[in-house]
There are 2 protein chains.
Amino acid sequence: MSMDTDLALACSLADAAGAAIRPYFRGDFGLEDKADASPVTLADRAAEAAMRRIIGRESPRDGIIGEEFGAERADASRVWVLDPIDGTTSFVAGRPIFGTLIALLQDGWPVLGIIDQPISGERWIGAVGQTTLFNNAPAQSRRCRTLDDAVLATTSPHLFSEHQAEHFLGLAGKVARRRIVYGGDCYNYGLVASGHVDLVVEAGLKLHDFAALVPIVEGSGGTMCDWHGNPLNAGSSGEVIALGDPARLEDVLEALAHQHCA
Amino acid sequence: MSMDTDLALACSLADAAGAAIRPYFRGDFGLEDKADASPVTLADRAAEAAMRRIIGRESPRDGIIGEEFGAERADASRVWVLDPIDGTTSFVAGRPIFGTLIALLQDGWPVLGIIDQPISGERWIGAVGQTTLFNNAPAQSRRCRTLDDAVLATTSPHLFSEHQAEHFLGLAGKVARRRIVYGGDCYNYGLVASGHVDLVVEAGLKLHDFAALVPIVEGSGGTMCDWHGNPLNAGSSGEVIALGDPARLEDVLEALAHQHCA
């Protein structure tokens with residue numbers, strides 16, 4: 001299939017997920033805790049089921065890895081990676097900064113990604129070799145002269161192990177404290193692609209949390225990698241950096257390599 | 001003046017602040033650091049100036065305490081307390097979960113409050129003795145059976161002193177970890193009033209950060225107080241609790257009284 005066909009399919013998945021999610025926002029969404037203690041709602045399940053139905057109909061040989069319903073044909077060369085609601089806790093709290101994440105992996109590497117915010121109607125679309133789009137207009141990450149000027153976002157201190165937290169605080173100590181924002185999940189990565197946030201540093205992410213973000217951030221002029229500077233693929237550890245200005249990558253990696261001294 | 005007149009004036013302030021802020025959102029907002037290292041933008045200043053002009057014209061004997069331009073007639077019995085952008089860091093990062101806060105104090109006690117989110121067009125209005133309104137419909141906080149079920153929100157771990165953080169973690173340990181959301185500033189308190197968030201616990205807040213929230217949360221059926229259970233007024237310390245279900249207040253105060261043991 002051509003990239004245009006894949007992008008059209010990915011957009012139809014995002015449309016279907018949004019239609020499934022919107023009726024549950026701030027409504028009766030049936031919160032449960034999964035075995036790993038992460039939350040799930042009827043909205044997560046309805047959105048992923050809707051996307052899987054469309055893939056099964058339109059591109060039945062592709063593999064699927066979804067947060068809620070697991071893997072099918074995960075050894076296929078083309079695999080869709082679905083997170084129906086990234087930021088379920090924000091969704092549950094009624095905050096419109098969660099998102100649906102849709103990625104296409106080719107031989108384990110993310111080649112297409114969508115972040116869709118179905119309440120505000122914001123959508124970022126990225127594809128390898130193409131300029132990222134935000135609501136159908138080109139998105140561009142911004143330059144960042146020094147880390148001291150950077151706006152740094154991260155979802156929650158609880159996502160870090162104690163060891164990771166010490167390294168994160170080593171980095172946070174290089175950034176002006178009042179320019180660190182918490183919460184936001186995938187939405188922060190869209191804001192990197194649009195040039196409003198400079199840096200996101202997180203850990204504990206699963207493939208469905210980060211795969212879609214890579215083509216979006218990279219197609220905007222930014223870069224994504226793990227905490228050691230390695231590119232992200234299906235085998236990555238879940239320690240993730242998104243940076244709007246690749247010229248600051250050495251500074252970020254060096255700051256992360258040091259532990260915070262209290 | 002009657003409460004209706006005051007509410008109409010407060011709404012005109014929120015309208016003016018929103019009109020001043022919107023052109024700067026995700027635009028060229030001229031970020032600076034203030035002497036206390038907190039960020040300020042052209043949008044903060046334009047919004048506060050617009051509100052002060054209206055108060056000066058419509059109710060010139062009232063006092064004003066504003067985050068950006070300080071105090072005038074602060075010893076008046078009626079004092080308007082203005083925070084043009086609560087959550088400036090979120091505003092700077094392009095996240096639509098900051099808000100304009102407008103409070104009216106009568107002899108130091110908040111009797112009227114507005115939270116206005118000018119991008120999403122969401123507005124909470126509270127007044128002593130009246131039911132809180134969200135976008136002109138009644139807002140109601142929700143019951144919470146146990147702390148273990150609660151959705152807990154707090155803006156940033158950096159707002160706590162080391163000592164406060166230990167007590168906050170004592171409370172956080174009673175709440176399911178995956179139901180804690182970070183970021184959000186005043187927006188979280190609106191979500192308490194609308195029954196989507198159960199509990200907000202913060203410290204380091206100034207009068208302009210919390211005064212407007214009190215009539216909104218209390219008019220929805222919830223309660224606000226400091227970490228010792230005392231009501232909030234112009235002399236409060238900035239340790240703040242907002243709780244949708246007042247029946248859980250003893251549990252919250254008891255959990256906060258204990259330090260977290262690592």
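Where is B:Thr88 found? I looked, and B:Thr88 sits in helix 3 of chain B; helices are DSSP runs of H or I with at least four residues, strands are E runs of at least two, and both are numbered from the N terminus.

Ground rules first. This is a predicted model, where local features need pLDDT of at least 70, side-chain atom pairs count only at pLDDT 80 or more, and totals for chains, interfaces and linings use all residues. Residues are numbered from 1 along each chain as its sequence is written, chains are lettered from A and ligands numbered from 1 in the order written, and side-chain values use heavy atoms, without hydrogens and water.

**B:Thr88.** I get a relative accessible area of 8% for B:Thr88, so B:Thr88 is buried (buried is under 20%, exposed over 50%, partly exposed in between, with a 1.4 Å probe and protein chains only). Leaving out residues up to four places away in sequence, B:Thr88 touches B:Pro39, B:Val40, B:Thr41 and B:Asp44 (contact is heavy atoms within 4.5 Å). I also checked B:Ser38, which is 50 residues from B:Thr88 along the chain, with 8.6 Å between the C-alpha atoms.

**Rings.** I pair rings of Phe, Tyr and Trp (its six-membered ring) with centres within 6.5 Å; planes under 30 degrees apart are stacked, over 60 edge-to-face, the rest tilted. That gives 17 aromatic pairs over all chains. A:Phe160 and A:Phe168 are stacked, because their centres are 4.6 Å apart and their planes at 25°. Both A:Phe160 and A:Phe168 are buried. B:Phe25 and B:Phe98 come out tilted, because their planes are at 40°, with centres 5.8 Å apart. B:Phe25 is in the loop between helix 1 (3-21) and strand 1 (32-33) of chain B and B:Phe98 in the loop between helix 3 (88-92) and strand 6 (99-106), so this pair ties together parts 73 residues apart in sequence. B:Phe25 and B:Phe98 are buried too. In chain A, ring pairs join A:Phe25, A:Phe29, A:Phe91 and A:Phe98 into a cluster.

**Interface.** How many residues of chain A are in contact with chain B? I find 35, touched by 35 residues of chain B. The two chains bury about 3,200 Å² between them, 59% of it on carbon and sulfur atoms (buried area is the accessible area, 1.4 Å probe, that two parts lose on being put together, summed over both). On the chain B side, B:His158, B:Arg178 and B:Tyr182 lose the most area to chain A, together 23% of what that side buries.
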